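These are my notebook entries on one protein model, taken down in the order in which I looked things up.

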Amino acid sequence: MRKPNVVVVGFGFAGRCFHAYLVNLTQELNLYGILTSRSEGREIAKASYKNLKTYEFYDDVLTDTNVDLVVLATPNDLHANQAIRAIECGKHVVTDKPMCLSLAEADAMIETSRRHDRLLSVFQNRRWDGDFLTIKQAVSSGMLGKPYLFELFWGQYGEPSGWRSQASHGGGKFFDLGAHLVDQVLQLVDTQAKYVQANFHSPDTWNLDVEAHATATIIFSNGVEARVETSSLAKSPKPRWRIFGTLGTLTKEGIDPQEQAMITGNIDEATENPQHRAVIHANSTEPNSEMIIETVPGRWRSFYENIAIAIEDRNKLEVTPESSRKTMAVIEAARRSASTGETIELT
């Protein structure tokens, strides 16, 4: 039986450095083609991968009966329409995160995938970040007791630019990058998110139609609280993670190193700075109550390896569209809360 043929649609940074690279590393998948409207992009793609087919138009991908899986590395506002069209043409689909730009679009995508019995997933590769895997292990082991407050932060300083910073195309940093953080916290808290309250901020001197800093508080039905922040206004950033539990507090600095290693050409050489290891401060009066936790190695390769398995057995899909819909619901509620000042109840 032949390997599923994969076409990556879009050959910008995400399509080139993330999707095409990782698909090509996946032995169970065949990187069959690249679509880009730029002629120079098609030449780069051909030079980078042997026996690669290139496309200029999306319709040509959809009518190619050899294509099994379409990966959408396109602006966020295109995901829903492109995914639905591909599924209706019998293709399986992976979209880059976020899944789309609205909950209504997410519902339409899911309904189409069910009706046509095609795989639909979202590139939540950061479920395989080393920091997330380490946090997940610490929480499940009971080292923190019962966690009651999660704080997740990702930010730096600088005015956003490009299509990701435009409301109509990318939705802004909280929509785009926050999709990872919200997804991560929803995986860590094993109960239903119930309420969302958010505040968004932007300096008057920046010409933006999206927020520069976003803070969203999620309250779960068991009382656990999670605060998710993304920022372009953070000259002095917070720790990446801080988790408060009944037995101790965990702090984790730094960003998973796989992206930089991947950009330089070998994701397997990713090495974390030892200073970024997680630290647990036990709730104790003992003077030596600090414990350093070794980081679980991250493995983004696992995402597409799972996609290959799930094409044959949908029950084994790790990143289900339903789980990504929950992320969309929280993000949409946060935007509504920031606009109205109300606390939004999730239904």
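I began with accessibility, for which I call a residue buried under 20% relative accessible area, exposed over 50% and partly exposed in between, with a 1.4 Å probe and protein chains only. By that scale Asp 313 is partly exposed, because its relative accessibility is 26%. The model is predicted, and I kept in mind that local features need pLDDT of at least 70, that side-chain atom pairs count only at pLDDT 80 or more, and that totals for chains, interfaces and linings use all residues. Residues are numbered from 1 along each chain as its sequence is written, and side-chain values use heavy atoms, with hydrogens and water left out.

Entry on salt bridges. I count a salt bridge where a side-chain nitrogen of Lys or Arg is within 4 Å of a carboxyl oxygen of Asp or Glu, and the structure holds 24 of them. One of them joins Lys 316 to Asp 313, with the closest N and O atoms 4.0 Å apart.

I then took up Glu 151 and Arg 227, whose salt bridge has its closest N and O atoms 3.3 Å apart. This pair links distant parts of the chain, with Glu 151 in strand E7 (residues 147-155) and Arg 227 in strand E10 (residues 225-231), 76 residues apart; for such labels, helices (H or I, at least four residues) and strands (E, at least two) are DSSP runs, numbered from the N terminus. Glu 151 counts as buried because its relative accessibility is 15%, whereas Arg 227 at 31% counts as partly exposed. I also found both residues in a network of salt bridges that links Glu 151, Glu 225, Arg 227 and Arg 242.

Next I looked up Arg 277 and Glu 294, whose side chains meet in a salt bridge at 2.8 Å, N to O. This pair too links distant parts of the chain, since Arg 277 is in the loop between H9 and strand E13 (278-282), while Glu 294 is in the loop between strand E14 (290-293) and H10, 17 residues apart. Arg 277 is partly exposed, with a relative accessible area of 26%, and Glu 294 is exposed at 53% relative accessibility.

Entry on Asp 96. Where is Asp 96 found? I located Asp 96 in the loop between strand E5 (92-95) and helix H5 (103-116). Asp 96 is buried yet has no salt bridge, and the nearest side chain of opposite charge, Arg 164, is 4.2 Å away; here Lys and Arg count as positive and Asp and Glu as negative, while His and the chain ends are not counted. Contact means heavy atoms within 4.5 Å, and, not counting residues up to four places away in sequence, Asp 96 touches several residues, among them Ala 14, His 19, His 79 and Arg 164.

Entry on the largest pocket. I take a pocket, on a 1 Å grid over the protein atoms alone, to be an open set of points where a 1.4 Å probe fits, with protein on both sides within 12 Å along at least five of seven lines, and lining residues have an atom within 4 Å of a point. About 940 Å³ of space lies in the largest pocket, and of the 42 residues that line the largest pocket, the closest to its centre are Phe 13, Ala 14, Lys 97, Arg 164 and Asp 176. The largest share of this lining, 3 residues, comes from H1.

Helix H10 (residues 301-312) is largely enclosed by the rest of the structure, because 9 of its 12 residues are buried. What covers the buried residues of H10 includes H1, strand E4 (69-72), E5 and strand E6 (120-122). Helix H8 (residues 178-188) has 10 of its 11 residues buried, so this helix is also largely enclosed by the rest of the structure.

Entry on backbone angles. Phi of Asn 51 is near 55°, a positive value in a residue other than glycine, and Asn 51 lies in the loop between helix H2 (39-48) and strand E3 (53-55). For Asp 117, in the loop between H5 and E6, I noted a phi near 55°, again positive in a residue other than glycine.

Definitions and conventions
Points joined across faces, edges and corners; volume = space filled by probe spheres on them.
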